[in-house]
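Student: I have just opened this one and would like to go through it slowly. Could you take my questions as they come?

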Amino acid sequence: AKEKLAQITLGEVLEDYFLARSLRPNSIRSFRQIVKRCLGDWVTLPIAAITKEMVETRQKGWDLCKMP
């Protein structure tokens, strides 16, 4: 069971989040667009593989993720 939990991806967590919340379709669409643009290369990564350093590095380039 622990091995299965260790392999849960960011994308799976996000989809579970959407299902657990009462979000409007436009909100979900916006979240998905932002995630694709800003974290697209992380969606298939297991959550356990995303490190503090990765987040800090990504956050430094956050200006690239702003809406056009």
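This is a predicted model: local features need pLDDT of at least 70, side-chain atom pairs count only at pLDDT 80 or more; totals for chains, interfaces and linings use all residues.

Student: Okay, and which side chain does E15 meet in a salt bridge?

Tutor: The side chain of E15 meets that of R32, at 2.6 Å from N to O, where a salt bridge is a side-chain nitrogen of Lys or Arg within 4 Å of a carboxyl oxygen of Asp or Glu. This pair links distant parts of the chain, since E15 is in helix α2 and R32 in helix α3, 17 residues apart; helices are DSSP runs of H or I with at least four residues, strands are runs of E with at least two, and both are numbered from the N terminus. R32 is partly exposed, with a relative accessible area of 42%.

Student: How many salt bridges are there in the whole structure?

Tutor: The search finds three. Another one joins the side chains of D41 and R58, at 2.9 Å from N to O, and it links the loop between α3 and α4, where D41 is found, to helix α4, which holds R58, 17 residues away. There is also a salt bridge between E56 and K52, at 4.0 Å from N to O.

Student: Why are E56 and K52 separated by about one helical turn?

Tutor: Because they are four residues apart in helix α4. E56 is partly exposed at 37% relative accessible area, whereas K52 is exposed at 59%.

Student: Switching to rings, how many aromatic pairs does the structure hold?

Tutor: It holds three, counting rings of Phe, Tyr and Trp (its six-membered ring) whose centres lie within 6.5 Å, with planes under 30 degrees apart called stacked, over 60 edge-to-face and the rest tilted. One of them is Y17 with F18, whose centres are 6.1 Å apart and whose planes are at 65°, so that pair is edge-to-face. Y17 and F31 make another edge-to-face pair, because their centres are 6.3 Å apart and their planes at 80°.

Student: Where do Y17 and F31 lie?

Tutor: Y17 lies in helix α2 (residues 10-20) and F31 in helix α3, so the pair ties together parts that are 14 residues apart in sequence. Y17, F18 and F31 form one aromatic cluster, in which F18 is buried at 7% relative accessible area, while Y17 is partly exposed at 35% and F31 is partly exposed at 36%.

Student: And G40, where is that found?

Tutor: G40 is in the loop between α3 (25-39) and α4 (52-60), and at 35% relative accessibility it counts as partly exposed. Its C-alpha atom is 9.8 Å from that of L10, although the two are 30 residues apart along the chain.

Student: Stepping back, what does the secondary structure come to?

Tutor: The protein has four helices and zero strands, and its C-alpha atoms fill a box of roughly 40 × 30 × 15 Å along the principal axes. Buried residues make up 16% of its 68 residues.

Methods:
Residues are numbered from 1 along each chain as its sequence is written. Side-chain values use heavy atoms; hydrogens and water are left out. Buried means under 20% relative accessible area, exposed over 50%, partly exposed in between (1.4 Å probe, protein chains only).
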